[in-house]
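Work through the exercises below with the sequence and the structure side by side. Try each task before reading its solution.

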Amino acid sequence: MDYKKYISEKINAEGVSGEEIYSAIALPPNPEMGDYALPCFKFAKVLRKSPVLIAQSLAESYPVDEVIEKAEAVNGYVNFTINKSALAREVIEGALAAGGKYGSSEEGAGKTVCIDYSSVNIAKPFHIGHLSTTAIGGALYKIFNFLGYKAVGINHLGDYGTQFGKLICAYKHWGNKEEVEKGGIHAINDLYVRFNSEADEQMEHEAREYFRLIENGDKEANELFDWFKSLTLSYVQTIYEKLNVRFDSYAGERFYTDKMQPVIDELREKGLLKESEGAQIVDLEKYGMPPCLILRSDGASLYATRDLAAAIYRKNTYDFYKCLYVVAYQQNLHFKQVFKVLELMGKEWAKDLVHVAYGMVSLEDGAMSTRKGKVVWLEDVIARCVEKAYGIISEKNPDLENKQDVAEKVGVGAVIFGALYNNKIKDIVFSYDKVLSFEGETSVYVQYTCARANSVIEKGGVPSEFEISGLLPQEAEVVKSIAAFPQAVKDAAEKYEPSIVARYAVDLAQKFNKFYFDCKILTAEGDKKNFRLALTAAALTALKNSLTLLGIGVPDKM
RNA sequence: GCACCGUUAGCUCAACUGGAUAGAGCGUUGGUCUACGGAACCAAAGGCUAGGGAUUCGAAUUCCUUACGGUGCACCA
């Protein structure tokens, strides 16, 4: 039920529209004051009365009923207290009936949202810096699906560029089949790193030749490239499975090789293309941006050219409602330019392209550097978290079945959660101490709360009916928090901000733990037992759903 | 140099987009439960929201400005 609407419809203030009242309604800082509040300051001018007097008269004239049981004027605010028992019944029954769908909706029905995320580079292992895009994109994918949209996950592979000429060159000089088969992607990466530190003029020249060979369809060069590509894909697949993310398309940069010429032609036809210093550009000076490079002076295409082709292809293929690019903020200018060029081309849908920018990851002793070997591989981080989780489980719950499985959920969850808990724009300094911390505001805390709730329900069952006879503050807080879940999911989608769901989960877990600590459930007297069991089950539903949306598993026991 | 982003408790971060006494976790100190799972709960200490100005009933939030930090700025992706 929309309480704000309910309240605003019952308030009658001459000269102030219901719309204005609705949007003015806020939440009081303290639950003891009430559940909703209407600040009356901005109505003072129109009504020619002091806010205090307005609040008093509105509170007095408000028709209290079985939904809103109290309206009270305090210092220019009208504080409304809702009937918690009614709310509790509605929320608990709703959550229990919907189960895994609690919080979902159909608001996105018929709309497609493309999400370009993770976008791995061929021949490069997954390091901690790739985690943000993968975790954020993966969560948005689930969130949009949950809201009824059709999400399309796109892994825009980095499979185009001179670095692959370098790689093949390095392989021909120093590599061999056995080593690569044995060492997998790390062996390939080592070759690339070695090229960057040891290659001379001659090899640089060869590398450019190899890149040309790939482009011109040379059999050997392409076989090598395809081999590296398939090694990379099977490697990242294992990581994606752990992280619970999926893609509907792996159309990478190379996919657009034959789709750029029409874009270039169109740019030329529309008079947007211009020669400058030998290169073909779109001049964006009018918009306060440097030019967007379309073709190099040697005629080769660029990153932006491919992104233009990709955007057009996606619009034609998916007819998206929104197309998200989950890419670090370093690319801010690039996307601004690409979006502007599309707009200048007359693509009215350019407004639907969104750069979902997030902050950078660095290490405690500075930026990561693959070349200097200063990297933290994601698989190592996951392994250490799982190992630690396993250790704690063995200690606290040695008889637990499938310990390894539970340790995976806990360990991987901690890694994902670490990438999702803060506002995405914030930079992250990676530290093992932080991801390995399983206390406080963490996914482990939420999982542990679920395990507790689950344990209670296993013993007491979920009642088919329950009576409510007044609520304690601890109970009311849990009820209100469960009720807030659907809105949290919507906010997260609207702001492309999974951290809203992550914070929601922690907040509900805190409220539940307080309730759990203060109120006996299984040994409660009379009606209380059934009500509390139902409340516990409803809270568990909301907690599970929020973790699931983030891609984090929820073990029954841990 | 120009542009964008950031700056909130010792540390890491919130704050419903302009509302009441700025909240959490970690860390510190002290407590809680004869356990429905202690990976928990409670309390204390800790703040001129980087500095200065402006807007108004009211600003961490909007607008100038300064400082500090980050990122980007033509043939890499």
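**Exercise 1: the core**

Task: Find which residues have the most contacts inside the largest nonpolar core.

Solution. The largest nonpolar core counts 164 residues, and Val78, Ile115, Ile482 and Ala539 have the most contacts inside it. Such a core is a set of buried Ala, Val, Leu, Ile, Met, Phe, Trp, Tyr and Cys residues joined through C-beta atoms within 7 Å; buried means that 20 or more other C-beta atoms lie within 10 Å of the residue's own, placed from the backbone. Next, helix H21 (residues 527-550) gives the most to this core, 13 residues. Helices are DSSP runs of H or I, at least four residues, numbered from the N terminus. Finally, domain 1 (3-82) and domain 2 (395-550) each supply at least three residues to the core; the bounds come from an automatic or database domain assignment.

The model is predicted: local features need pLDDT of at least 70, side-chain atom pairs count only at pLDDT 80 or more, and totals for chains, interfaces and linings use all residues. Residues are numbered from 1 along each chain as its sequence is written, with chains lettered from A and ligands numbered from 1 in the order in which they are written.

**Exercise 2: one residue**

Task: List the contacts of Ala539, leaving aside its neighbours within four places in sequence.

Solution. Contact means C-beta atoms, placed from the backbone, within 7 Å. With those neighbours set aside, Ala539 touches Ala453, Val478, Ile482, Leu508 and Phe512.

**Exercise 3: the domains**

Task: How far apart are the centres of domain 1 and domain 2?

Solution. Taken over C-alpha atoms, the two centres are separated by 33 Å.

Key:
A residue is buried if 20 or more other C-beta atoms lie within 10 Å of its own, exposed if 12 or fewer, and partly exposed in between; C-beta atoms are placed from the backbone. Helices (H or I, at least four residues) and strands (E, at least two) are DSSP runs, numbered from the N terminus. Two residues are in contact if their C-beta atoms, placed from the backbone, lie within 7 Å.
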